[in-house]
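Could you walk me through this model in my viewer, one selection at a time? I would like to know what to pick next and what I will find there.

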Amino acid sequence: MPRALLPPLTLCWTALLLLLVHLSVASASRSHSCREVKTAFQLRQIGPLKWVPETPSTDVDLLVCKHDGPSCCTRKMEESYRVAVVRETVQNIRSYSFELKFLLSGHAAAFQDTYQSLFSFSLGHLSSLFESSYTSISAAVNLHISTLFSDLSLFIRDASSNISVEAAVHRFYDNLFPLVHTRLINPGSAAAITDGNNLSDCLRMTRQDVNPFGRHALAMAKELSEALRAARALTWALSVGEEVMNGTEVAPLTKECTRALVKMQYCPHCRGLTLIRPCGAYCLNVMRGCLASLSELDMPWRRYVAILEDLTLAVADEHSLELALLGIRGQVNEAILYAQLHGPRLTATVDKVCGQSMTETHSVQPTTVKMVPTVTDSPPLPTNQSDPPAMEQLDRLSHLRSSLPLKPAKSDKDRSLKQIAREFMNYIGRYKAFFAALPEMLCEGEVVRDEFTCWSGDDVVESYSGRVVGNGVHAQRQNPEVRVKGPDHMLTQVKDRLEHFNQEIQESMPGFGRRESWEDLGSGEENSGECDDEDGCQGSGEDTPKIYSTVGTEVAKAPPHEPSVRVSGSSTAPLTLPTFTIFILTLALQWALN
């Protein structure tokens, strides 16, 4: 090779060697930079960027993220990581519990709105009975009707109230008796009675002994008590569920838990590993240790959900609550009819117990007879032209709120009680194992399943080699990641509150919460078509009309029978033999007195 070519070759090799050295130095400087750590610190808004060093340091006195070698963390950063990890974990827990809490509170409000719609309609339904058929006592009885429905509404709305349904119903009939006795049975004595006088007080106090309304007052009290009891318990149950969720949200994370969370989520950052994810099993150990006291709610919560499902079924299945409230009008009407039909006997009894109900003489006016259709009665009888036909009454009812027993039109935005209950049942069943599954749900957002390596708490590994523990405080004795000293006092109180509720319901309502099958509301009742029995669909050739039973839960067909007599208002309705006999005796008594 000519000597003239040697100097240029030497210069080329020297430049290439210097370039390689520069690149290696630059690469080494980048590998020992804390730039990615600073970026993650800023994006997560953990703290001021000035706390993050530019390059790793070896003389750092850390409490949690200790390791041999340089670190991009400082004590201030570690404290900021602790605050950030508590904030992030609490937010994640609340994000999962928010839907459950909203489910309970939202449906509690929906149930209450439907109850109030039912009360409002039933109140108007009963008031219309007096306005159309018993006009002489219509104005005076309005206050007692309002008081009755106010008590029934408060009974459901406030589970802590000491209101008794039976007492409210009997109080209504106590106040109704003086009006019926003096203005319907003995119209001439209406001017002699006022609220607070001796006769009025005597009639109220002796009503249950005289029994002017037969079995109807007691039957109405029993039916309403049974129907409203489940609704009241459901209101209480939903309130307890909200209390439980509120209690779990404010439960603090222990120091041992916070330390383990920092070690799992942020200690890799100190080594510059900002993208590495924790191993799945390792995350489960950390989360189960942190949520050990919360997991103790699992079994009482499962029983609570079972009770909640049974109460929902009891309230909405076969429209028992709706039918009980709509049946009030029929029960009151039948009670007044009973009193009118036994007017002479009642007058004689009252005269013996309370003294003469008249100032001078007994001028018992003849009671006229009229058909008064009711919702819960059998098919209506022919009436005079002043009464609206039965089909017109059904038409008027069809456009009212969807809380009526019949299902509303598909375009109706309002929902019936059964529709709300079915929707609630479909959702609440998904949360039976909420407290047991919460650690796994939290880890789903932290773990990447398809990575070949993961963070084990100490180093980057291919798989976690530690023992995976179960849920609950007792299981954490073997937890290698989090030390659990004992159950949290606040969550223990929440658990006791939930268990106390479960016990009270199961004692007062035996059989509730003990089902092993979790069938949806209405399963097995409806076919796959658009038309079901809620839509009022009937098979062809069905001539026998359907009625809703207010005692049982089945929809039965009314057997053919003689129509019952309705008293008050018109004299053109046909009379049965017993009514005709009483009518003749009443006229004879009036003739004898005159």
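This is a predicted model: local features need pLDDT of at least 70, side-chain atom pairs count only at pLDDT 80 or more; totals for chains, interfaces and linings use all residues.

With a relative accessible area of 13%, Cys202 falls under the 20% cut-off and so counts as buried. Look along the S-S bond and you will find a torsion of about -80 degrees, which means the disulfide is left-handed. Colour the helices next: Cys202 sits in helix H6 and Cys354 in helix H15 (residues 343-354), so the bridge ties together parts that are 152 residues apart in sequence.

Stay with H6 and bring in its neighbour, H5. Helix H6 (residues 198-210) packs against H5 at an angle of about 115 degrees, and the axes are 8 Å apart. The crossing is right-handed. To see the contact, select residues including His170, Tyr173, Asp174 and His181 on H5, with Ser200, Leu203, Arg204 and Arg207 among those on H6. Sorted by class, this contact has 5 nonpolar, 6 polar and 3 charged residues.

Keep H5 on screen and show H14. The axes of H5 (residues 165-185) and H14 (residues 328-341) come within 11 Å and cross at roughly 45 degrees, so the two helices are oblique to each other. Here, too, H5 and H14 make a right-handed crossing. Residues to display include Phe172, Leu176 and Val180 from H5, and Val332, Ala335 and Ile336 from H14. The class count for this contact is 10 nonpolar, 2 polar and no charged residues.

Now click on His216, in helix H7 (residues 216-249). Is His216 buried or exposed? Its relative accessibility is 11%, so His216 counts as buried. Beyond its neighbours within four places in sequence, His216 touches Tyr173, Gln331, Glu334, Ala335 and Tyr338.

For the last stops, return to the disulfides, of which the whole structure has 7. Select Cys283 and Cys443, whose sulfur atoms are 2.2 Å apart. The S-S torsion of this pair is about -100 degrees, so the disulfide is left-handed. Cys283 belongs to helix H10 (residues 280-290) and Cys443 to helix H18 (residues 434-444). Finish with Cys65 and Cys267, joined by a disulfide at 2.0 Å from S to S; both cysteines are buried.

Note on methods. Residues are numbered from 1 along each chain as its sequence is written. Side-chain values use heavy atoms; hydrogens and water are left out. Helices (H or I, at least four residues) and strands (E, at least two) are DSSP runs, numbered from the N terminus. Buried means under 20% relative accessible area, exposed over 50%, partly exposed in between (1.4 Å probe, protein chains only). Contact means heavy atoms within 4.5 Å. Axes are lines fitted to C-alpha atoms, for helices over the stretch in contact, and angles run from 0 to 180 degrees between N-to-C directions. Angles under 35 degrees count as roughly parallel, over 145 as roughly antiparallel, 65 to 115 as roughly perpendicular and the rest as oblique. A crossing is left-handed if the near helix is turned anticlockwise from the far one by less than a right angle, and right-handed if clockwise. Ala, Val, Leu, Ile, Met, Phe, Trp, Tyr, Cys and Pro count as nonpolar, Asp, Glu, Lys and Arg as charged, and the others, Gly among them, as polar. A disulfide is a pair of cysteine sulfur atoms within 2.5 Å.
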